[in-house]
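Subject: Structure handover and notes

Hello,

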Amino acid sequence: MQTLVTDGHLCKICVGCKIAFFTQWSRKSNSRKSTKLIIKSRVHSTNIVTMQLHPVENQSNPLPLKKRAPKFKGLTFQYSPSPDGVDENLLIFFHGLGDTEKPFFQLGQSLKLPQTAIISIKAPHAIPYFDEGTQWYPSFDPLGDLLTKDSPLRLPGLIQTRTILKKFFLEELVGVCGYDLHKMILFGFSQGATTALDLVVHGGVNVNSVVSIAGYLLEETERASIEVGFVQNTNVLIIQGDKDETIPLRVSQERTKYVQSKFGKSHVKAHMVTRKNHAMPTGPGEWRPIMEFFAQNLSRRQVELENVSELYEVK
């Protein structure tokens, strides 16, 4: 932000976004339709740039800073508003197979992202003989072995979860709480990442972005049609370990190409973590690409400008 004096009146202008506003209004002019702003270059004192300032009308009824806390009978989840009091973004966590929403809720609170509320959802399907951990779709046969893509159980279970989540997102988070889909980021690990990606492509829930930790679209969905409402404008970050025994390197590369074919190659970034197995990121180095992705995709509400009485756009 650069402070300037124009015609004896104090003005501030952001040289990046070209938005200027007066802190003192000239009483010499009776018109607010437009006024001239004369800027002298700091480098060349003879350089004078004349631009037109046009008043920008402030919203008479700005959106509330805080959103209503969600309530939904079909899911178990934990919710926390943004610690800075501005619920502009919503970060939603999908845990891995056999886990619960609790560890990811604590993770979200520890991140303390600006203007970002968090939700951590518990997968809706119980796992036989598990006391607390749940699954997003059936994963084990009666003997306790993992189901494969040839199983007739995985896809119907995922579709059931997709239906519940879509209703939660569209009817509750958007319709009741007032959140914007384009300001939501999904964060999923393994099976939770599969569910998050599926919700966008096959559920048509067009969120801003998805962070996928060692998770990809379910193989069975390759034969399914894309949801009519799906639009290729969601950014995806895939984090994969090169020592992952659950999803070997060759398989992860193939699955990444499939994700790119659905979301668009330009919207999908893949980051390979060396000497990493099938696990969540640990340490600053592994979290750095994720935090950079957050910075690129989180929205920021200019609350301070909403309270400025005289706001002008430079043209």
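In which helix is Thr161 found? Thr161 is found in helix α2; helices (H or I, at least four residues) and strands (E, at least two) are DSSP runs, numbered from the N terminus.

Before the rest, the ground rules. This is a predicted model, in which local features need pLDDT of at least 70 and side-chain atom pairs count only at pLDDT 80 or more, while totals for chains, interfaces and linings use all residues. Residues are numbered from 1 along each chain as its sequence is written, and side-chain values use heavy atoms, with hydrogens and water left out.

Overall

The protein has six helices and 15 strands. Of its 315 residues, 47% are buried, where buried means under 20% relative accessible area, exposed over 50%, and partly exposed in between (1.4 Å probe, protein chains only). Among contacts (heavy atoms within 4.5 Å) with a separation of 6 or more, 69% are between residues 24 or more positions apart.

Back to Thr161: its relative accessible area is 1%, so Thr161 counts as buried.

Nonpolar cores

A nonpolar core here is a set of buried Ala, Val, Leu, Ile, Met, Phe, Trp, Tyr and Cys residues joined through side-chain atoms within 4.5 Å. The largest one has 42 residues, of which Ile92, Phe94, Ile121, Phe169 and Leu186 touch the most other members. At least two residues of this core come from each of β6 (76-80), β7 (89-94), β8 (116-122), α2 (154-174), β11 (184-189), α3, β13 (235-241) and α4. Phe169, leaving aside its neighbours within four places in sequence, is in contact with Ile92, Phe94, Ile121, Val174, Leu181, Met184, Leu186, Leu199, Val205 and Val207. There is also a second, separate core of 23 residues, including Leu107, Ile118, Ile185 and Phe189.

Helix α3 is largely enclosed by the rest of the structure, because 11 of its 11 residues are buried. Among them are Gln191, Asp198 and Leu199.

Pocket and cavity

Both were found on a 1 Å grid over the protein atoms alone: a cavity is a set of points where a 1.4 Å probe fits but cannot get out, a pocket is an open set with protein on both sides within 12 Å along at least five of seven lines, and lining residues have an atom within 4 Å of a point. Grid points are joined across faces, edges and corners, and a volume is the space filled by probe spheres set on the points.

The largest pocket has a volume of about 660 Å³. It is lined by 26 residues, and the closest to its centre are Tyr137, Arg154, Ser190, Thr246 and Ile247. The elements giving two or more residues to this lining are α3 (191-201) and α4 (249-263). By class, the lining has 12 nonpolar, nine polar and five charged residues; Ala, Val, Leu, Ile, Met, Phe, Trp, Tyr, Cys and Pro count as nonpolar, Asp, Glu, Lys and Arg as charged, and the others, Gly among them, as polar.

The count of cavities of 30 Å³ or more is one. The largest cavity has a volume of about 60 Å³, and its lining includes Ile213, Ala214, Lys276 and Glu286. β13 gives the most to that lining, with three residues. The classes there are seven nonpolar, three polar and two charged.

Individual residues

Most residues other than glycine have a negative phi.

- Ala214 has phi near 55°. Ala214 lies in the loop between β12 (209-213) and β13, and is buried because its relative accessibility is 4%.
- Tyr129 has phi near 70°. Tyr129 is in the loop between β9 (125-126) and β10 (134-135), and counts as exposed because its relative accessibility is 81%.

Gln135 is in strand β10 and is buried, with a relative accessible area of 6%. Gln135 and Gly98 are 37 residues apart in sequence, yet 6.0 Å apart in space, C-alpha to C-alpha. Beyond its neighbours within four places in sequence, the residues in contact with Gln135 include Leu97, Phe140 and Gln191. A polar atom of the Gln135 side chain lies 3.1 Å from the backbone nitrogen of Ser139.

Regards

Key
A polar contact is a pair of N or O atoms within 3.5 Å; within protein, one must be able to donate a hydrogen and the other to accept it, and residues adjacent in sequence count only if both atoms are side-chain atoms.
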